[in-house]
Amino acid sequence: MSVCLAAYNGATHIEEQIRSIISELDTHDELIVVDDKSTDHTADIVRGIQDDRIRIIQAAVNAGYVRTFERALGEARGEFVFLSDQDDVWIPGRVEAMISAMDGKDMVASNCEHFDGPLGTFHEIRLRAEHSEHSVRNLIGIVVGYRLHWGCAMAVRNKILNQILPFPQHMAESHDQWIAMVGNVNRSITYLEADTIRHRLHGENLTPRGIRSASKIVRARVAFVRNVVEAVRRARLAARAA
């Protein structure tokens, strides 16, 4: 199993997060931390945690969280690949619960227990197990914006990474929604209603607390439609190659 963590100026909480992760790892698992050229002591804190399963990669330039996650996923060697933010806390039993929930599918998305800050509009949206069988509705929900997937609450099989990577070049945000699109286009995603992670809310979270401006919403929706088209194209190529 591989855990892919994107880090940037995360010195405040990253050690707590990493310790909650490594308590879930087996002997041959790995935690890949890609540090996006932090200006604080994030990398030093990671290196100070003495565990051979941790592999830290320091970026030469700041690339942003989307490309940092892309790089981390590209380094994953395990059969199952989990995404991780730098400031959350994994709930014990998370790995077993999520892998069991996959049950033959290529992807799983769970819910989060939000803490340490006020809830915004998007934090109140929850996934339901019944959504697992409604791929078209899920895709529409992602594009429209009412079916939110948290990257920190997702895991995939390594074999689906050949469709997920590389991320579309035009994509500047919402890598988690892109991954969910790939899963739904392949009809190979399952939804776990349980909370498997404690998602910390604070002023630097990238998910907006409320409704964005009309122009930003339109740009995001156009990008999402392009992503769906690209996900379909990659799925067809994969089917031909199989």
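In strand E2 (residues 30–35), Val-33 is the bridge partner of Leu-5, and this pair belongs to the parallel run of E2 beside strand E1 (residues 2–7), where six bridges join the two strands. The model is a predicted one, in which local features need pLDDT of at least 70 and side-chain atom pairs count only at pLDDT 80 or more, while totals for chains, interfaces and linings use all residues. Residues are numbered from 1 along each chain as its sequence is written, and side-chain values use heavy atoms, with hydrogens and water left out.

Strands (E, at least two residues) and helices (H or I, at least four) are DSSP runs numbered from the N terminus, and two strands pair if DSSP finds at least two bridges between them. The open sheet comprises eight strands in the order E3-E2-E1-E4-E7-E6-E8-E5, and its pairing is mixed. Strands E3 (54–58) and E5 (89–90) lie at the edges with a single partner strand each, so one side of each has no neighbour in the sheet. Helix H3 (residues 65–74) packs on this sheet, touching E1, E2, E3 and strand E4 (80–84), and its direction makes about 155° with that of E1; contact means heavy atoms within 4.5 Å.

The axes of helix H5 (residues 135–144) and helix H8 (residues 214–241) come within 8 Å and cross at roughly 150°, axes being lines fitted to C-alpha atoms, for helices over the stretch in contact, with angles from 0 to 180 degrees between N-to-C directions. H5 and H8 are therefore roughly antiparallel to each other, a term for angles over 145 degrees. In H5, Leu-139, Ile-142, Val-143 and Val-144 meet Arg-221, Phe-224, Val-225 and Val-228 of H8.

Two local backbone features lie in loops. The peptide bond from Leu-165 to Pro-166 is cis, with omega near -5°, and Pro-166 is placed in the loop between helix H6 (161–164) and helix H7 (175–185). Lys-37, a residue other than glycine, has a positive phi near 55° and is located in the loop between E2 and helix H2 (42–48). Most residues other than glycine have a negative phi, and most peptide bonds are trans.

Methods: Parallel < 35°, antiparallel > 145°, perpendicular 65-115°, else oblique.
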